[in-house]
Structure formats: C-alpha cells, structure tokens
Amino acid sequence: MYRKKGFTLVELIIFLALLGVVLAIGYRIFFFGQRAFAVGSDQFQLQSEIRKAGDFIIDEVRNATEIDIINTPFFAQTGYGYIYLHDSKIVYEYSGGTRDITDSLLKDEDVFSIRNSGNRNFLCIDMTGTLNGNSYNLSTEILLKNVVNKSPQSGKVIKYKKLMP
C-alpha cells in the first residue's frame, strides 16, 4: 500500500479553523489586558493628583491662625496664602507667586467649606476628579487648631494666614 506524505484538504481546513479560534481568543486576551492596564494607569494618575493636593492643603492650613473661604474672582492681599480651584486644577498662591498643585482633572465646583462642631472648626475638602471616564473623590476634614468661632462658609478659595517659622 502506497501513501503520500502531506496533509489532506480536510486536515488543513480543521487546522485553519482551530488556528482562527486560538488567534481570536489571544486577540481578545491581549486587548482586554491592554485596556485594563490603561484604566489602571489613569486611576493611579487621578488618585495620585487628588491625594497630592489633599496632602498639600492639609500641610498648609492645619496650623493657620486665620482662615476664610471666599469665591472667585478675588484680589490677593499681602501676608495671606491662597489655595484655590482654577481651570479645574488646584493652585497655590503666596507672596505674589503661584504654583499649580494638580493637573486639570477636578470638577469645577465648591470644593472647600468650613463647618463647626461645638467650639471646634473644621475645614472640609471635597474634590472629585475625572480622567478618561474614571472618577475619584477625596473627602476629608481638617481640624483648625488655631481658629475659633467661624461661621459656616463654602467656596473655591481658601484664604489663610499662618505663622512663619
């Protein structure tokens, strides 16, 4: 009995069908992983920016001797520091200079407020950021140790004075 070496047409068709299924599964897995990485990267950037702003604000105003929440536009006064929301980013202004604390990621809304509980005053921060469809919210309260008898206020600008070292 004589047999030729090679593949029959049926074997080639079965092989191509199986190869197509394997490639389709591989394609889906690759692009699913790529999309998951991009989403994770965006979330990391968003959370990092908002946390960086929150940490900066806490460090700046925790020991403030005077603090007010005002709205934009405002005119800077000598001797005061300002932290405010402008063009969807947190900006720091002191002694005539300005510095961006975050990239343009935040929703344009009142992010700062002061509330009191008994004889204690708290600065409340509520920032929501969005990047490529992902959202992240940071809400925190800072006890204002050196400020007493503040009435509730809310707005986009923190005007404060602190003792210089």
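So, the four-stranded sheet: its order is S7-S6-S5-S8, it is open, and the pairing is antiparallel. Pairing here means that DSSP finds at least two bridges between two strands. Helices (H or I, at least four residues) and strands (E, at least two) are DSSP runs, numbered from the N terminus.

Quick note: this is a predicted model, where local features need pLDDT of at least 70, side-chain atom pairs count only at pLDDT 80 or more, and totals for chains, interfaces and linings use all residues. Residues are numbered from 1 along each chain as its sequence is written, and side-chain values use heavy atoms, with hydrogens and water left out.

Okay, which strands stand at the edges of the sheet? Strand S7 (134-143) and strand S8 (153-155) do; each has a single partner strand, so one side of each lacks a neighbour in the sheet.

Now helix H1 (residues 9-61). It packs on this sheet, touching S5 (112-117), S6 and S7, and its direction makes about 15° with that of S7. Contact means heavy atoms within 4.5 Å. For angles, axes are lines fitted to C-alpha atoms, for helices over the stretch in contact, and the angles run from 0 to 180 degrees between N-to-C directions.

H1 also lies across S1, S2, S3, S4 and S9 (157-162), at about 40° to S9. Those five strands make an open antiparallel sheet, ordered S1-S9-S2-S3-S4. In it, S3 and S4 form a hairpin with two residues between them, and Ser-95 in the turn has a positive phi of about 55°.
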